[in-house]
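Welcome! Open the structure beside these exercises, try each task yourself, and then compare your steps with the worked solution.

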Amino acid sequence: MTDHPDKLPTHLAIIMDGNGRWAQARGLPREAGHRAGAETVRNIVTECRSLGIRHLTLYTFSSENWNRPKTEISALFSLLMEFLSREVPRMVEQGISMRVLGDLESMPLAQRTALRHAIKRTEGGKDMILNLALNYGGRGEIVRAVQTMLREGLRPEDVTEQAVADHLYTAGQPDPDLLIRTSGEQRLSNYLLYQCAYSELYFTPVPWPDFDAAQLRMALDAYAARSRRFGKTQEQIDAH
């Protein structure tokens with residue numbers, strides 16, 4: 001357990017970075033890093049559920065990742081199929097509902113079919129929501145939301161912050177309280193741009209394949225020690 005079980009984030013978002021560099025540092029192909037990273041996903045999902053984190057969002061494949069070598073994309077999609085085959089039954093057992101944030105329609109047919117099957121099989125999960133951000137881009141998500149509102153005939157005065165939030169992929173879920181990025185990079189990389197307006201940011205040099213339960217607890221303890229003021233003064237926070 002963390003030292004602050006009463007200050008856990010309700011929604012944790014993670015940018016899982018460093019698989020390729022982890023592999024290259026060991027003289028291994030990048031695909032080996034992605035395979036090791038998939039094992040970390042399994043462990044971190046299990047740990048978050050046991051801690052009581054209700055929403056976990058993982059940046060799995062960005063809309064920009066299509067620019068990577070075709071062999072690497074193919075390996076990533078094969079790993080995704082393996083992950084779904086192995087983990088969906090476990091998600092059902094553990095009460096985890098899996099959802100996809102992103103443009104599912106543009107995914108390859110096999111992966112699209114498997115993802116829809118996984119979403120359907122796990123939809124009854126009540127203990128945790130696992131969001132996989134797949135073929136996802138934050139700016140594209142906002143553009144999609146605006147286009148949908150225009151199609152629905154919303155008037156300018158109907159366009160509020162809440163209305164936009166209600167048309168995002170994360171509609172109905174709380175915004176991330178904490179965003180973790182591994183492997184030393186310190187940027188959002190087009191990830192949950194609207195939702196992370198007030199998220200606490202935690203950057204670690206540890207590459208994703210080495211990010212274990214102990215590293216997660218360090219991040220959660222750092223989060224618990226911060227004061228989240230949302231524009232108020234510390235004195236106002238302390239008065240409540």
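Helices (H or I, at least four residues) and strands (E, at least two) are DSSP runs, numbered from the N terminus. This is a predicted model, in which local features need pLDDT of at least 70, side-chain atom pairs count only at pLDDT 80 or more, and totals for chains, interfaces and linings use all residues. Residues are numbered from 1 along each chain as its sequence is written, and side-chain values use heavy atoms, with hydrogens and water left out.

**Exercise 1. Describe the largest pocket: its volume, its lining and the elements that supply the lining.**

Step 1. Begin with the terms. On a 1 Å grid over the protein atoms alone, a cavity is a set of points where a 1.4 Å probe fits but cannot get out, while a pocket is an open set with protein on both sides within 12 Å along at least five of seven lines; lining residues have an atom within 4 Å of a point. Grid points are joined across faces, edges and corners, and a volume is the space filled by probe spheres set on the points.

Step 2. The largest pocket holds about 720 Å³ of space.

Step 3. Its lining consists of 32 residues, and those nearest the centre are Met16, Asn19, Tyr59, Thr60 and Asn65.

Step 4. At least two lining residues come from each of helix 1 (19–25), helix 2 (30–51), strand 2 (55–62), helix 3 (70–94) and strand 4 (128–136).

Step 5. Sort the lining by class: Ala, Val, Leu, Ile, Met, Phe, Trp, Tyr, Cys and Pro count as nonpolar, Asp, Glu, Lys and Arg as charged, and the others, Gly among them, as polar. This gives 15 nonpolar, nine polar and eight charged residues.

**Exercise 2. Find the largest cavity and say which helix gives the most to its lining.**

Step 1. The structure has one cavity of 30 Å³ or more, and the volume of the largest cavity is about 80 Å³.

Step 2. Its lining is made up of Arg42, Val45, Thr46, Phe83, Glu87, Arg90, Met91, Gln94, Ile96 and Leu130. Helix 2 and helix 3 are the elements that give two or more residues to this lining.

Step 3. Helix 3 gives the most, with five residues.

Step 4. By class, the cavity lining has five nonpolar, two polar and three charged residues.

Step 5. Look at one of these residues, Gln94. Glutamine 94 is in helix 3 and, leaving aside neighbours within four places in sequence, is in contact (heavy atoms within 4.5 Å) with Arg49 and Asp127. Glutamine 94 and arginine 49 are 45 residues apart in sequence, yet their C-alpha atoms are 8.3 Å apart.

**Exercise 3. Check the length of helix 7, then list its buried residues.**

Step 1. The expected span of a helix is 1.5 Å times one less than its number of residues.

Step 2. Helix 7 (residues 213–224) has twelve residues, so it should span 16 Å; its end C-alpha atoms are 16 Å apart, which agrees.

Step 3. Buried means under 20% relative accessible area, exposed over 50%, and partly exposed in between (1.4 Å probe, protein chains only). In helix 7 the buried residues are Gln215, Leu216, Ala219, Leu220, Tyr223 and Ala224.

Step 4. Among the elements covering the buried residues of helix 7 are strand 1 (11–15), helix 2, strand 5 (178–181) and strand 6 (200–203).

**Exercise 4. Which loop holds serine 189, and is serine 189 buried or partly exposed?**

Step 1. Serine 189 sits in the loop between strand 5 and strand 6, and asparagine 190 lies in the loop between strand 5 and strand 6 as well.

Step 2. With a relative accessible area of 28%, serine 189 is partly exposed, whereas asparagine 190 counts as buried at 17%.

Step 3. Most residues other than glycine have a negative phi. Serine 189, however, has a positive phi near 50°, and asparagine 190 has a positive phi of about 65°.

**Exercise 5. Which residues does glycine 102 contact?**

Step 1. Glycine 102 lies in the loop between strand 3 (96–101) and helix 4, and counts as buried at 10% relative accessibility.

Step 2. Leaving aside neighbours within four places in sequence, glycine 102 is in contact with Leu134, Asn135, Tyr136 and Tyr169.
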